[in-house]
Amino acid sequence: MNSIKLIRNKWFLLTFSLFYLGIIWASFHWVYHKELLLQKIYKGNTPPDTGQVMTLYSKMMKSVPKSSEFNSFYRLAKILARAEKRKEAIKVLNRMIKIAPKDEEVRLWLAIELYSQKRHREAEKHFVVLLKKNRKDSPPKYTEYH
């Protein structure tokens with residue numbers, strides 16, 4: 001009989017509900033900590049904290065990239081570029097190319113980053129892939145001049 005009174009007690013239900021929601025909130029933050037931190041840094045207007053960025057970078061580079069993580073790697077590359085960590089951004093972009101080799105935007109970004117780092121031969125490979133793709137997509141138009 002006491003357990004029924006306890007369940008009907010509003011304070012008990014309120015306390016239990018808050019405790020239960022607190023556990024759910026804490027477990028959500030524990031599981032998605034990396035993604036939440038990545039999104040927070042990505043949306044921030046201030047220069048990113050280099051320590052946090054490099055910690056995220058090392059954690060993400062240890063894992064095998066999946067296609068579902070493409071957006072996370074994209075955000076990380078943008079953050080690394082903002083933090084002036086160009087070599088690390090190139091490594092992330094290379095991983096992204098392995099996930100989605102047909103993504104022209106990422107391939108162009110990678111080619112430009114490689115070119116700016118004076119790694120011309122590597123950049124050339126990506127430019128060639130982009131040029132071949134564009135040549136296949138749009139046949140050349142010839143006009144006759146009289």
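View 1. The residues lining the largest cavity divide into 2 nonpolar, 2 polar and 3 charged, where Ala, Val, Leu, Ile, Met, Phe, Trp, Tyr, Cys and Pro count as nonpolar, Asp, Glu, Lys and Arg as charged, and the others, Gly among them, as polar. The model is predicted, so that local features need pLDDT of at least 70 and side-chain atom pairs count only at pLDDT 80 or more, while totals for chains, interfaces and linings use all residues. Residues are numbered from 1 along each chain as its sequence is written, and side-chain values use heavy atoms, with hydrogens and water left out.

**View 2. Residues around the largest cavity.** The lining consists of Lys34, Glu35, Met60, Ser63, Glu69, Ser72 and Phe73, a lining residue having an atom within 4 Å of a cavity point, that is, a point of a 1 Å grid over the protein atoms alone where a 1.4 Å probe fits but cannot get out.

**View 3. Packing of helices H5 and H6.** Helix H5 (residues 70-82) packs against helix H6 (residues 86-99) at an angle of about 160°, their axes 8 Å apart; axes are lines fitted to C-alpha atoms over the stretch in contact, and angles run from 0 to 180 degrees between N-to-C directions. H5 is therefore roughly antiparallel to H6, a term for angles over 145 degrees.

Notes
Helices (H or I, at least four residues) and strands (E, at least two) are DSSP runs, numbered from the N terminus. Angles under 35 degrees count as roughly parallel, over 145 as roughly antiparallel, 65 to 115 as roughly perpendicular and the rest as oblique. On a 1 Å grid over the protein atoms alone, a cavity is a set of points where a 1.4 Å probe fits but cannot get out, and a pocket is an open set with protein on both sides within 12 Å along at least five of seven lines; lining residues have an atom within 4 Å of a point.
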